[in-house]
Amino acid sequence: MSKERARRREAREAVLARERAARQRRVARRERRRAVLRRITPRLRRGSAGRLARHSRAERAAIVLLTAAALILIWSFVDDLALRLALVVLLLLVLPAIVVIALDRRT
């Protein structure tokens, strides 16, 4: 009886060992794939990336609100449509320079 139990235990342990080895191979293969993907995908810098990230939330809000106010003033006080469009384009082209001058920073 004890020899049969020992044989069954050995068989169970052999099956468990095979399953454990297969699981370790799967995990190792998954880790290798992830490592390859990490190497080939570009890293994204979070937080301080981009042009607008250099400004605080209040500064960005001020830029947007003042630009919107300027657009509203242009559309309110200028009658000619061609002049309105020219002033809007001019405002959008000059806006980065205005931000640099007003906030003393590069955009």
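What is the accessible surface of the protein chain, and what percentage of this surface belongs to carbon and sulfur atoms? The accessible surface comes to about 9600 Å², and 60% of this belongs to carbon and sulfur atoms. Accessible areas come from the Shrake-Rupley method with a 1.4 Å probe; for residues, only the protein chains shown count as cover.

The model is predicted: local features need pLDDT of at least 70, side-chain atom pairs count only at pLDDT 80 or more, and totals for chains, interfaces and linings use all residues. Residues are numbered from 1 along each chain as its sequence is written, and side-chain values use heavy atoms, with hydrogens and water left out.

**Figure 1. Overview of the protein chain.** The protein chain has three helices and zero strands, and its elements run α-α-α from the N terminus on. Helices (H or I, at least four residues) and strands (E, at least two) are DSSP runs, numbered from the N terminus. Of the 107 residues in the protein chain, 9% are buried. Buried means under 20% relative accessible area, exposed over 50%, and partly exposed in between (1.4 Å probe, protein chains only). Among contacts between residues at least 6 apart in sequence, 39% join residues at least 24 apart; contact means heavy atoms within 4.5 Å.

**Figure 2. Salt bridge between Glu 4 and Arg 8.** A search of the whole structure finds two salt bridges, a salt bridge being a side-chain nitrogen of Lys or Arg within 4 Å of a carboxyl oxygen of Asp or Glu. Side chains of opposite charge can pair when their charged atoms come close. For Glu 4 and Arg 8, the closest N and O atoms are 3.6 Å apart. Both residues lie in helix α1, four residues apart, about one turn of the helix. Glu 4 is partly exposed at 41% relative accessibility, and Arg 8 is partly exposed at 42%.

**Figure 3. Salt bridge between Glu 31 and Arg 34.** The N to O distance in this pair is 3.8 Å. Glu 31 and Arg 34 are three residues apart in helix α1, about one turn of the helix. Relative accessibility is 39% for Glu 31, which counts as partly exposed. Arg 34 is also partly exposed, with a value of 44%.

**Figure 4. Positive surface patch.** The patch is formed by Arg 20, Arg 23, Arg 25, Arg 26, Arg 29, Arg 30, Arg 32 and Arg 33. Patches are made of residues with over 30% relative accessible area and no salt bridge: like charges are joined within 9 Å, nonpolar side chains (Val, Leu, Ile, Met, Phe, Trp, Tyr) within 5 Å. Lys and Arg count as positive and Asp and Glu as negative, while His and the chain ends are not counted. The place of a charge is taken as NZ of Lys, CZ of Arg, CG of Asp or CD of Glu. Arg 20 is found in helix α1 (residues 2-40) and is partly exposed, with a relative accessible area of 43%.

**Figure 5. Nonpolar surface patch.** Val 89, Leu 90, Leu 93, Val 94 and Ile 98 together have about 450 Å² of accessible area. Val 94 belongs to helix α3 (residues 81-103) and is partly exposed at 34% relative accessibility.

Figure 6. Thr 67, in helix α2 (residues 57-77), is buried at 12% relative accessibility. Leaving aside neighbours within four places in sequence, Thr 67 is in contact with Leu 91 and Leu 95. Val 88, in helix α3, is buried at 15%. Not counting residues up to four places away in sequence, Val 88 touches Leu 71, Ile 74 and Trp 75. Val 88 and Leu 71 are 17 residues apart in sequence, with a C-alpha to C-alpha distance of 6.7 Å.
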